[in-house]
Amino acid sequence: MTLPDRYRTPKLAGACVLGMALALSVHDFAEARSALSERPPLPAMGPSLRKAVAFRTAEQPGTIVIRKDEKALYLVTRQGQALRYQISVGRDGFGWTGIVKVGAKTEWPEWRPPQEMRARQPELPKMVPAGPYNPLGARALYLSRDGRDTLYRIHGTNDPSGVGFDGTSGCFRLTNTDVIDLFERVAVGAKVVVQ
């Protein structure tokens, strides 16, 4: 899959243009300005699809329960209650279940597609830098098992229409608005139950 243009690094960074403007001719400045106008607009953070719900579970508050069939992530807030977030889940052949932990959290993560993914899709870059055009969105929670990174993430997306279906390579995708909210509520070390 080729990354859409909105995920590619812009040709010029805004701060560079200001510094270069004094040294550019009028023609060069017009070309630089044109390149900036071709830059895609910053993506929307997306709507919040979060709601407080009744939720029966034996899990402790702070635990994340992912129900793939519902395309829902539940954060247990207290006995009998949870916050429900709509998510996207792994497409056919990329779903998984089990118990993991939040091993780390990152704001505006960079994305390094795993070797297996790049073998399937050789056009993918080795790395997409952190920022608003990164496909992991505004935040990422890195899932680990037995102290080792699983390469799966709970992350945001810069395309809010990309939430609510089977379409990932095993990660769990929320709107940026919701992943920022979840990020603030979940501790490193939190239990994650994927059903």
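Colleague: How many salt bridges does the count come to?

Modeller: This is a predicted model, and a pair is counted when a side-chain nitrogen of Lys or Arg lies within 4 Å of a carboxyl oxygen of Asp or Glu. By this rule the count comes to eight salt bridges.

Colleague: Which residue forms a salt bridge with arginine 50, and how far apart are the closest N and O atoms?

Modeller: The partner of arginine 50 is aspartate 181, and the closest N and O atoms of the two are 3.2 Å apart. Arginine 50 sits in the loop between α2 (26–38) and β1 (51–54), whereas aspartate 181 belongs to helix α4 (residues 176–185), so the pair ties together parts that are 131 residues apart in sequence. The residue asked for is therefore aspartate 181, at 3.2 Å.

Colleague: Is aspartate 181 buried or exposed?

Modeller: Buried means under 20% relative accessible area, and aspartate 181 has a relative accessibility of 15%. Aspartate 181 itself counts as buried.

Colleague: Where does the partner of lysine 71, aspartate 166, lie?

Modeller: Lysine 71 and aspartate 166 form a salt bridge whose closest N and O atoms are 3.3 Å apart. Lysine 71 is in the loop between β2 (64–67) and β3 (72–78), so the pair links parts 95 residues apart in sequence, and aspartate 166 lies in strand β9 (residues 166–168).

How values were computed:
Residues numbered from 1 in each chain as written. Predicted model: local features only at pLDDT ≥ 70, side-chain atom pairs only at ≥ 80, totals over all residues. Heavy atoms only, no water. Helix = DSSP H or I, 4+ residues; strand = E, 2+ residues; numbered from the N terminus. Buried < 20%, exposed > 50% of the residue type's maximum accessible area, 1.4 Å probe, protein only.
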